[in-house]
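Take a look at the protein below. This briefing goes through its charged pairs, its sheets and its cores.

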Amino acid sequence: MKDEVLRFCGGCMGRRISAMVTLLIIGGALLGPLAQAAPPELGPPGGGAKEKAIVQGAKRMGPFKPTLFKGDLRDVPRGRVWQPGDAIKTIPKRNNHQGKPKPVRTPRNPVKDKADPLRASAQGRAASIRTLVEAEGHRGQSFNGVYPPDPVGDAGEKYYIQMVNSGEGTSYTIYDKKDMSLVAGPNTLDTLAAPGSICEGGYGDPVVLYDSLAKRWFLSEFSSSNNTLCIYVSATSDPVSGGWHAYQFTSSLSFPDYPKYGVWPDGYYLTTNEAAPGIYALERAAMLAGEPAAMQFFSVSSLSGFGFQALLPADLDGMIAPPAGAPAYIIRHRDDEVHDPASNDPDFDFLELFEVHIDWRDESLSTLEGPLSIPVANFDSDLCGLISFACFPQPGTSQTLDPIREVVMWRLQYRNFGDHQTLVGNYTVDVDGTDHGGIRWFELRNGGAGWLLHQEGTHAPDASDRWLGSIAMDGAGNIGLAYSVVNDTDLFPSIRYTGRDFADHLGALPQGELTIAAGQGPQGAANRWGDYSSLNIDPVDDCTFWYTNEYTTVNGLWETSISTFRFESCGEPAFAINGVAGIEQSVCIGDPLAPLEVELFGIAGYDQPVTFSLAGLPPGVKGGFIENPLAPPALAEATLATQADAVAGDYRFEVAASDTAIEKRIGASLSLFAAPPAAPPLLSPENGAIDQPVLAAFAWNGVAGAQRYRLEVAADEAFSDIRYSAETTALTHTVSHPLDHGTILHWRVIAINPCGESVASPTRLMVTRHHYCSSPALAIPDDDPQGAADTLLLDNDGIARDLTVTLRVAHSWVGDLDIALEHLDSGARVHLIRRDTGGYGCAGIDIDASFHDDAAQSVADICYSTPPAITGQLRPSDALSVFADRVLSGEWRLTLADHAPSDEGLLETWCLSPSYIPVTCDGDQVTLAGHLIRAGEELTCNVGDIEVRDLVVEGTLRIQKSGKATLLPTVRSVPPDGRIEIRQTGGR
């Protein structure tokens, strides 16, 4: 009988391939529908090589339901006061990386001079005018049997609240600001907790904040158990008799040590010292209403070298809120000679600034962006080593004091002046290489072009050690810095302060150094000092600095001081403006523009009329303020409209406000569009591409007039069954959740602007790769070389061509891990990640990566500062090619072993994504399942009976069949240029 041939040719079918493929064979009819798509699986984390700046998706915890304390704090019975002879305890500093080997590495680019480059220049500057006045000091809480006291406080409209550690947790006192008379306390903070609750066991690390936006108080400590933060938000502006909402925020991760908070419009932000530095956001709006409140969590990679480390959130001061939608800001300092010696810069170190956007409706949309690395003058973090809790000497004792060099000190103060925003902070450094403590301080500014270093300096005017600083800026732009000071000859631990008038030279604190409280004896019983002090601005006048810190008495015990000081230059009447709506707009020419709204604030009693105007409006755009002039406080509103002669483009203009002596300006932007954009040309994947990852990456060319793009991925040509959709301003997008594997998918892109949408781009077809996954949530035992193992059983007789392995591992110190893959049936074994046994390893958190022999980067070269520390497409430690030419079927085992103490983790997901060729298909009966025939390849099968299923053909498959048996193949896809030839050589 004559051979009869049926060809299925992808190229012959043009660009479109039906979602249903039918095979017809002369001599025996068969119909085979396209196999149903497999259910979605968690696929490989994928993604390209990383310069990854954004982590999307936070961990959500809660909501946590509050209780209400209704009592008057003046009526709460006071606890027992510590007496000499009672027990004394030192609270241990929590070192989350204590078991790690610390690196002893010489920087690749040695620093030539140990002298702090900013110290000398700061000393030689004189004040432009002496305006810093002498402080007025008041006695705060006294020694209560605990080291350190961690003194902290804040001022509200009527009261000042101070808190310190005590033997029973946190002790608070409330003072009347007018005369500093004691109103309530001292008492323990846990008296506000619900009876029988976890927070009845308060344990200290206090924080006091006055939320000036809401006129509420925020108090916090952690509990003695259960990873719980005990937080109290005043129900009214009256902290004494107005009641308190008591919350227990419990972390499911680890103990939230060293909590530091910041007030922000969309949340109370919190940083902690955990196995990897933690960032939390608390649902502020719910807490102010006394409703159940959620908590969201991010973390960043640890820095090598420090055993104790935490970031610091920005805390809002002043009368002007941040611009609408502004992210919360989080900071830390990075001494690259310590933290990155292999690629250090000998002239600069860095501040790392992170931005957090929280979506309270959907935590998967919350983002952590950064770090933005801001270069600063080189500094030295090595003060008696990197982990010592004792360094600074005192007179009359061998006991030295904790330098606390690891963190930016409390607070990172944020302030919005309308035309610019500021962040000020400080940290402790060695100023000359002799373990001589000084204070590095900085001011960052954002004038609309992003955060930049505006000024910095090092305060160390003599041989004494200065540390435990706290810094703030008043409403006039003057900076105050207060701190501890000591030396080994004639200065016991004392409190001093200094500052700069806004008119002084940048980088200097030339207003002189003044004493708040002089120490009278050495602290010989403990090395712990601090761990922090607190400088805050009075919310009423925006000029008075309030400061609390500790000093020593004659018997060497600590005493706390509460002091106030100010600059004479603060309080001059002035105004400020802040854009609140319509500052950034995009519109189709002819459509209405939103009103532009600007807040007008008066400072220090300013009440004069202010005239508003719009400067530099784009051609064809008209506008003006509805009411003009206005006296503060007021909301100025302008209308804007496009005319017929308006021209499409992106424009900048300014809002100006002025009186007879002062002018303020803020920037605004307007993007005009004339028509919908054209369809964007597609780039990748190529049409008909097979073997695509389930976390596929798409790319297209930009088109003029497009503001954003929508990617759509569907299971059918008509896009009636869309499996994935996302909008982006970028020209690339990697899907955020796995596509169906082993499936024909269609994709297209639509360009969008305010005038409408483009027509859809021509569609393309792709076929996703088969892969096999396990999501065991398997615990990795700490410091156990045997580790933990998980297995995948593959029922696939294909011969491996190459292999991609993907991992998602939650672990707080990935440098501890050895991760190996083994095919038990063949005995082949490789290390995906081999621990750096000669040193420190990657001091980062989490792995979310894919491994392939052809990847551009090696896993040994990757360690990012934001999690996941190991991510992208990477070459493994050992080549995966050892598995080539082996049968895929059988048991595959992944082993993860932790080789150092103090960190634990989970294997969340791992996947195998093989490319393979079919087994030899000669014989009486053969099944071809899930096989891939590559482009340019040909395979001929001489069989009697055959079933063809899940077959992807890019090359040519010839099936020569004899006998009368019915052939019932189901073909998954035939991409362009693919070809199946079935020849009937006998029978009917």
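In this predicted model, the side chains of D211 and R284 meet in a salt bridge, with 2.8 Å from N to O. D211 belongs to strand 12 (residues 207-211) and R284 to helix 2 (residues 284-288), so this pair ties together parts that are 73 residues apart in sequence. Both D211 and R284 are buried.

**The whole protein**

- The protein has three helices and 71 strands.
- It has 988 residues, and 58% of them count as buried.
- Take the contacts between residues at least 6 apart in sequence: 65% of these join residues at least 24 apart.
- The accessible surface comes to about 37,100 Å². Carbon and sulfur atoms account for 49% of that surface.

**Salt bridges**

- The whole structure holds 34 salt bridges.
- One of them links R139 and E559, whose closest N and O atoms are 2.6 Å apart.
- R139 sits in strand 6 (residues 136-142) and E559 in strand 36 (residues 558-565), so their bridge ties together parts that are 420 residues apart in sequence.
- Is R139 buried or exposed? R139 counts as exposed, because its relative accessibility is 60%, and the cut-off for exposed is over 50%.
- E559 counts as buried, because its relative accessibility is 7%, and buried means under 20%.
- Another salt bridge joins E822 and R893, with the closest N and O atoms 3.0 Å apart.
- E822 lies in strand 58 (residues 817-823) and R893 in strand 63 (residues 890-898), so this pair ties together parts that are 71 residues apart in sequence.
- E822 is buried at 16% relative accessibility, while R893 is partly exposed at 30%.
- Some salt bridges share partners: R708, R710, E712, E727, R748 and E757 are joined into one network this way.

- Strand 3 and strand 19 (residues 293-299) run antiparallel and are joined by four bridges.
- K59 has F297 of strand 19 as its bridge partner.
- Strand 18 pairs with strand 19 in the antiparallel sense over five bridges. Here G278 has S299 in strand 19 as its bridge partner.
- Strand 17 (residues 267-273) also pairs with strand 18 in the antiparallel sense, over five bridges. T271 stands opposite I279 of strand 18.
- Strands 17 and 18 form a hairpin, with four residues between them.
- Strand 18 (residues 278-282) is mostly covered, with five of its five residues buried.
- Both faces of strand 18 are covered. G278, Y280 and L282 are buried on one side, and I279 and A281 are buried on the other.

- Strand 39 (residues 596-603) and strand 42 (residues 634-642) pair in the antiparallel sense over five bridges.
- V598 has A636 in strand 42 as its bridge partner.

**Nonpolar cores**

- How many residues does the largest nonpolar core have? It has 100.
- The residues with the most contacts inside this core are I231, Y232, F249 and M287.
- Strand 14 (residues 228-234) gives the most to this core, with five residues.
- F249 touches several residues beyond four places away in sequence, among them F64, I231, L282, M287 and M295.
- A second, separate core has 35 residues, including L792, L832, C842 and L912.

Key: Residues are numbered from 1 along each chain as its sequence is written. This is a predicted model: local features need pLDDT of at least 70, side-chain atom pairs count only at pLDDT 80 or more; totals for chains, interfaces and linings use all residues. Side-chain values use heavy atoms; hydrogens and water are left out. A salt bridge is a side-chain nitrogen of Lys or Arg within 4 Å of a carboxyl oxygen of Asp or Glu. Helices (H or I, at least four residues) and strands (E, at least two) are DSSP runs, numbered from the N terminus. Buried means under 20% relative accessible area, exposed over 50%, partly exposed in between (1.4 Å probe, protein chains only). Two strands pair if DSSP finds at least two bridges between them. A nonpolar core is a set of buried Ala, Val, Leu, Ile, Met, Phe, Trp, Tyr and Cys residues joined through side-chain atoms within 4.5 Å. Contact means heavy atoms within 4.5 Å. Accessible areas come from the Shrake-Rupley method with a 1.4 Å probe; for residues, only the protein chains shown count as cover.
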